[in-house]
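Have the model open while you read.

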Amino acid sequence: MTSTTPLRRQPVQQRSAKRVERMLEACAQLIEEVGYDGVTTTLIAERAGVAVGSLYQFFPDKRAVVQALTLRNLEKFIQTVDGRFTSTTLEHWWDAVDSIFDVYVSMHREVPAFSKLHFGDVVDLRLLDDRRDNNTVISDRISEMISTKFDIPLDEIQLPISIAVEAADGVLNLAFRRDAAGDQRILDEAKTMVRGYLSSRLPS
């Protein structure tokens, strides 16, 4: 779990929840169009069709809106991975790692603003959780899922998974710098690199 709560107050009524959802969707669209630096709370409110005062009821500033959007993307990532784990036969931990890798690449290609924000590093290295950097949040969640799925002690895999996430993050950034859809040759190399490293660290 993360310790960060970007909302000033939680929307209680369905209408308020839908309004917040429109703000997040508007924020994602604008980041795709003008980048994080070009987005303002006024633009978000205008695109969402709400008064800027309504935005400030829920979010103190632009960063908080982006933070909420990024946390939503994290939840989508975890839910999608968990769905793959449930619906797919995974005979080995590297099948799980491949699946996680594929979900991340798909989100890069399909989820608005994800390719610009990733999991928030462009805004703040601790955007997801004020106690841990963003990659640590991701690697901890991945470690927990793999530990549970394959009955591997968590303390045996946390460090290797953390290192694999850091290494993959750098190579994936290269793949998407070379090609907006991700240079497939580099993506394949990244997957091979991660599997090769983890094969020397995790139980066979």
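This one is a predicted model, so keep that in mind throughout. The largest nonpolar core has 40 residues, and F77, F119, I142, I146 and L198 touch the most other members. Helices α4, α5 (93-110), α7 (134-150), α8 (154-178) and α9 (184-199) each put at least two residues into this core, with α5 giving the most, nine residues.

**Around the cores**
- Take L198, one of the core residues with the most partners: beyond its neighbours within four places in sequence, L198 is in contact with W93, V97, P160, I161 and A164.
- Another core lies apart from the largest one; this other core has 25 residues, among them V39, I44, A64 and L69.

**The bent helix, α1**
- Helix α1 covers residues 14-38, 25 residues in total, yet its end C-alpha atoms are only 30 Å apart. A straight helix at 1.5 Å a residue would reach 36 Å.
- Where does α1 kink? The kink is centred on E32 and comes to about 95°.

**The largest pocket**
- The largest pocket holds about 380 Å³ of space. Its lining has 21 residues, and Y104, I142, V165, A168 and L172 are the closest to its centre.
- Which helix gives the most to the lining? That's α8, with seven residues. Helices α5, α7, α8 and α9 each supply at least two lining residues.

- T70 sits in helix α4. T70 counts as buried because its relative accessibility is 0%.
- Not counting residues up to four places away in sequence, T70 touches L117, H118, F119, G120, L127 and L128.
- L202 is in the segment after α9. Is L202 buried or exposed? At 6% relative accessibility, L202 counts as buried.
- Leaving out neighbours within four places in sequence, the contacts of L202 are W93, E156, I157 and P160. W93 and P160 are also in contact with L198.
- From L202 to N173 is 29 residues in sequence and 25 Å in space, C-alpha to C-alpha.
- F58 belongs to helix α3, and with 0% relative accessibility F58 counts as buried.
- For a sense of span, F58 and Q184 are 126 residues apart in sequence and 40 Å apart in space, C-alpha to C-alpha.

- Most residues other than glycine have a negative phi, which is the background for the next two.
- A113 is not a glycine, but its phi is positive at about 75°. A113 lies in the loop between α5 and α6, and A113 is buried, with a relative accessible area of 0%.
- H118 is the other case: its phi is positive too, near 50°, in a residue other than glycine. H118 lies in the loop between α6 and α7, and H118 is among the residues that T70 touches.

Definitions and conventions:
Residues are numbered from 1 along each chain as its sequence is written. This is a predicted model: local features need pLDDT of at least 70, side-chain atom pairs count only at pLDDT 80 or more; totals for chains, interfaces and linings use all residues. Side-chain values use heavy atoms; hydrogens and water are left out. Helices (H or I, at least four residues) and strands (E, at least two) are DSSP runs, numbered from the N terminus. The expected span of a helix is 1.5 Å times one less than its number of residues. The bend at a residue is the angle between axes fitted to the seven residues ending there and the seven starting there. A nonpolar core is a set of buried Ala, Val, Leu, Ile, Met, Phe, Trp, Tyr and Cys residues joined through side-chain atoms within 4.5 Å. Buried means under 20% relative accessible area, exposed over 50%, partly exposed in between (1.4 Å probe, protein chains only). Contact means heavy atoms within 4.5 Å. On a 1 Å grid over the protein atoms alone, a cavity is a set of points where a 1.4 Å probe fits but cannot get out, and a pocket is an open set with protein on both sides within 12 Å along at least five of seven lines; lining residues have an atom within 4 Å of a point. Grid points are joined across faces, edges and corners, and a volume is the space filled by probe spheres set on the points.
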